[in-house]
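This report describes one predicted protein model, going from the whole chain to selected helices, a pocket and a few backbone features.

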Amino acid sequence: MRLATLLAFLRPALPLILGLSLGCSLSLLRVSWIQSDGEDPCMDTGVNNGLFAGKMKQDSVAGGRSSQNDEDFKPRIVPYYRDPNKPYKKVLRTRYIQTELGFHERLFVAVLTSKATMNTLAVAVNKTVAHHFPNLLYFTGLRSAKVPHGMALVSHGDERPVWLMYETIRYIHQHFGGDYDWFYVMQDDTYAQAEQIKALVTHLSINQDVYLGRAEEFIGGDEQARYCHGGFGYLVSRSLLLKLHRHLDSCRNEILSVRPDEWLGRCIIDFLGISCVSQHQGQHYYSYELAKNADLEKEEGEDFQVALTVHPVSERTLMYRLHKHFSRIQLDRAYQEIQQLQMQIRNLTSLTPAREGGLTWPIGINAPFVPKSRFEVISWDYFTEQHLFSCPDGSPKCELAGASKADVSDIIEAALQQLNSRYQPQLRFYKQQLLNGYRRFDPTRGMEYMLDLLLEAVTQKGHSHVLAKRVSLVRPLSKVEIIPMPYVTEATRVQLVLPLTVQELDFVSNFLDMFAMNTLDTHDNALLTLLFIYQPYDAQRVSQLDVFAGVKAMVGELEKRYAEVKIPWISVKTEVPSQVKLMDIVSKKHPVDTLFFLASVWTEVNTEFLNRCRMNTISNWQVFFPMHFQEFNPVLMYHGEQASSSSSTDFLRDGHFDRHAFAEACFYNSDYMAARTKLAADILDRDEVLESMEVFDVFLRYSSLHLFRAVEPGLVQKYMLRSCNPRLSEELYHRCVLSNLEGLSSRSHLAMALFEQEQANST
């Protein structure tokens with residue numbers, strides 16, 4: 001009875017028990033088969049000193065390489081060990097991370113030109129494709145006396161076509177073979193659609209030997225072999241170039257040909273066995289042969305519209321016409337894609353919870369920025385066709401000129417085009433007047449405009465009517481591009497220049513202490529030069545009473561404390577301490593490659609800022625004018641309660657970035673000398689003009705360098721009421737006064753101070 005009850009209880013679990021038993025039996029049987037192979041994996045592990053775990057065949061061990069079928073290979077982690085008896089050597093890292101990881105640039109372009117066509121067709125090629133190909137180089141046999149501006153040229157010294165091709169391929173491999181994945185070779189009588197070429201190489205694999213172009217048959221040669229016609233350009237992969245360079249000398253000596261493209265094709269076929277192809281991995285290389293005296297307006301065939309290259313181009317005007325034609329095709333294609341995407345967005349929006357209310361205008365552009373408080377509201381700038389009512393210098397009204405005028409004219413023209421394209425042929429609009437204009441920059445979408453236009457609307461029958469219409473437009477942010485910048489390091493020596501007047505003597509001690517603590521103690525690569533500015537009266541009695549004697553004593557103590565440091569000083573006598581005149585004196589006493597940091601006595605020098613000074617200042621490229629952070633008056637901020645509160649790091653409450661101060665500047669001596677030479681030629685002998693200028697004005701007006709003006713949190717200055725010299729120009733004096741006024745306190749604290757003063761007066 002009990003047995004029957006037990007069997008009834010176990011009956012549902014019987015299939016599970018049988019399955020487990022069968023599985024264990026098969027597993028044991030399989031293990032016995034594996035061990036019967038006669039090779040013990042443990043013995044293999046011991047033979048190889050524990051370097052490999054798993055099974056390895058004897059033939060692969062003997063051959064010194066692992067078998068391709070060995071899937072049990074596991075690497076052994078070798079711990080780092082440094083011999084204490086050997087001197088430590090610092091590891092040098094690569095300049096860019098892409099170099100360390102082995103990344104290559106995508107495309108290098110070589111253009112074959114000649115002395116006869118260098119100033120015509122080569123210039124046309126440069127103007128049409130150079131801004132699309134960032135890595136473009138021109139090759140010629142003989143060069144003219146003057147190379148066209150903006151063209152990087154390599155001359156081989158021989159006009160023979162085959163020799164030019166040989167030297168070009170050898171030069172490309174020697175200088176660029178390890179830096180690029182693809183190499184595109186074209187002639188100066190070829191028009192190429194640069195963006196289409198760039199798109200083509202992004203769809204091709206870089207690990208194959210590719211010789212891609214317009215395949216042509218050899219004259220009287222093998223029917224199967226093809227070479228790429230040089231007139232239509234061709235692509236060569238990096239792997240093919242690396243294999244080809246070993247045979248270039250043999251090709252030069254053994255292959256006879258008049259045409260350089262045939263010579264190169266025969267060289268690749270004979271030594272590498274690779275023939276030219278017109279398509280690869282589903283990508284087609286389309287080209288079009290242009291007939292003589294062809295009319296581009298009548299070239300409407302499909303072959304012409306999809307062509308990547310067009311050849312031959314006999315004159316540069318034809319090159320420009322081709323560029324205009326294909327640019328129009330690309331623009332129309334882009335507009336069609338935009339319309340299709342907008343239609344898709346509109347259709348998909350109906351399926352969202354917000355439905356049509358979720359659409360933004362324009363469709364596909366980010367929605368306008370929504371401020372969370374009144375301090376985040378983006379203000380609109382008002383303008384007319386003649387004036388702008390939000391000026392850079394802070395004045396309420398200024399003339400509309402330069403880029404702003406061109407921007408307004410362009411946006412009005414665009415508004416008229418959009419209106420006419422929407423209402424034609426029923427109505428035709430003509431602008432009478434711009435009544436009101438508003439614009440603002442929204443960082444989430446771009447520049448927004450609102451125009452109130454007075455228009456004349458003309459019907460098809462000739463009737464006209466004047467009406468006012470408001471138009472809204474958006475100039476969206478386009479594709480973000482990385483601007484190439486020269487490479488700079490943080491090892492450059494910085495030469496600090498500190499001008500000192502009698503009124504600033506009380507603050508010199510703090511400056512020297514901060515300089516010693518942040519640069520001398522840390523052994524930073526920085527030097528200091530002092531400029532003592534004497535008034536004429538003080539200069540006459542300097543032998544009896546030197547007003548800068550205390551500062552010179554401090555410098556002497558620093559030189560005793562730091563034996564390897566020398567702090568020179570220069571004495572200048574002047575009533576008007578012009579920044580430009582002072583820099584003229586300092587510039588003559590230093591080499592041209594000196595990096596200057598023009599400081600003020602309130603500057604607290606630190607390593608963080610000095611490194612940014614080095615990185616943001618690039619010789620013959622960029623100068624750096626930082627905006628220091630100015631702390632507010634602690635009396636107005638804290639009403640004398642806690643003076644220590646001024647050390648808070650809350651910049652928005654405790655101070656502001658002084659945009660009116662240009663006392664600090666970083667620039668190279670060579671750049672200053674070049675700008676100063678142009679200034680001297682402009683003002684001739686009128687030295688009084690220098691009193692109305694600062695170093696910033698010299699670079700702004702007489703230099704083509706980039707002026708980098710940015711806030712600098714590393715430069716923090718305590719509050720101090722500066723003395724403004726009335727002998728300076730009106731503009732410089734006005735800047736100084738504004739700096740003092742805006743540095744008093746925030747608007748809220750100033751309002752509170754006025755409120756408390758009114759309450760005190762009323763009582």
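## Chain overview

Among contacts in the chain between residues at least 6 apart in sequence, 69% join residues at least 24 apart, contact meaning heavy atoms within 4.5 Å. The chain has 763 residues, of which 38% count as buried; buried means under 20% relative accessible area, exposed over 50%, and partly exposed in between, with a 1.4 Å probe and protein chains only. Its secondary structure comes to 25 helices and 27 strands. Helices (H or I, at least four residues) and strands (E, at least two) are DSSP runs, numbered from the N terminus.

This is a predicted model, in which local features need pLDDT of at least 70 and side-chain atom pairs count only at pLDDT 80 or more, while totals for chains, interfaces and linings use all residues. Residues are numbered from 1 along each chain as its sequence is written, and side-chain values use heavy atoms, with hydrogens and water left out.

Helix α22 covers residues 669–683, and the 15 residues should span 21 Å at 1.5 Å a residue; the end C-alpha atoms are 21 Å apart, which agrees. The expected span is 1.5 Å times one less than the number of residues in the helix. The buried residues of α22 are Asn669, Asp671, Tyr672, Ala675, Arg676, Leu679 and Ile683. Seen down the axis of α22, these buried residues fall within an arc of 150°, so they line one face of the helix. The arc is that of the directions from the helix axis to the C-beta atoms. On the face of α22 turned away from the buried side are the exposed residues Thr677 and Ala681. The cover over the buried residues of α22 includes α18 (579–588), β23 (595–598), β26 (665–668) and α23 (695–702). Leu684 follows α22 and has a positive phi, near 60°.

Helix α24 (730–742) has 13 residues and reaches 18 Å from its first C-alpha to its last, close to the 18 Å expected at 1.5 Å a residue. Leu732, Arg735, Ser739 and Asn740 are the buried residues of α24. Seen down the axis of α24, they fall within an arc of 130°, so they line one face of the helix. What covers the buried residues of α24 includes α23, a helix that is also among the elements covering α22.

## The second largest pocket

Rolling a probe the size of a water molecule over the atoms shows where empty space is left. On a 1 Å grid over the protein atoms alone, a cavity is a set of points where a 1.4 Å probe fits but cannot get out, and a pocket is an open set with protein on both sides within 12 Å along at least five of seven lines; lining residues have an atom within 4 Å of a point. Grid points are joined across faces, edges and corners, and a volume is the space filled by probe spheres set on the points.

About 910 Å³ of space lies in the second largest pocket. It is lined by 35 residues, and the closest to its centre are Glu504, Trp602, Ala663, Ser723 and Leu728. Both α18 and α24 supply at least two residues each to the lining, and α24 gives the most, with five residues. The lining divides into 17 nonpolar, twelve polar and six charged residues. Here Ala, Val, Leu, Ile, Met, Phe, Trp, Tyr, Cys and Pro count as nonpolar, Asp, Glu, Lys and Arg as charged, and the others, Gly among them, as polar.

## Two buried residues

Tyr166 belongs to helix α7 (residues 161–176) and counts as buried at 4% relative accessibility. Not counting residues up to four places away in sequence, Tyr166 touches Leu248, Asp249, Arg252 and Trp263.

Thr501 sits in the loop between β20 (494–500) and α15 (508–520) and counts as buried at 16% relative accessibility. Apart from neighbours within four places in sequence, Thr501 is in contact with Ile533 and Phe548.

## Backbone features

Most residues other than glycine have a negative phi, and most peptide bonds are trans.

| Feature | Value | Loop |
|---|---|---|
| His311–Pro312, cis | omega about -5° | Pro312: between β13 (309–311) and α13 (316–349) |
| Trp361–Pro362, cis | omega near -10° | Pro362: between α13 and β14 (381–383) |
| Gln281, positive phi | about 55° | between β10 (279–280) and β11 (283–284) |
| Asn620, positive phi | about 60° | between α19 (607–616) and β24 (622–631) |

Gln281 is partly exposed, with a relative accessible area of 36%, whereas Asn620 is exposed at 61%.
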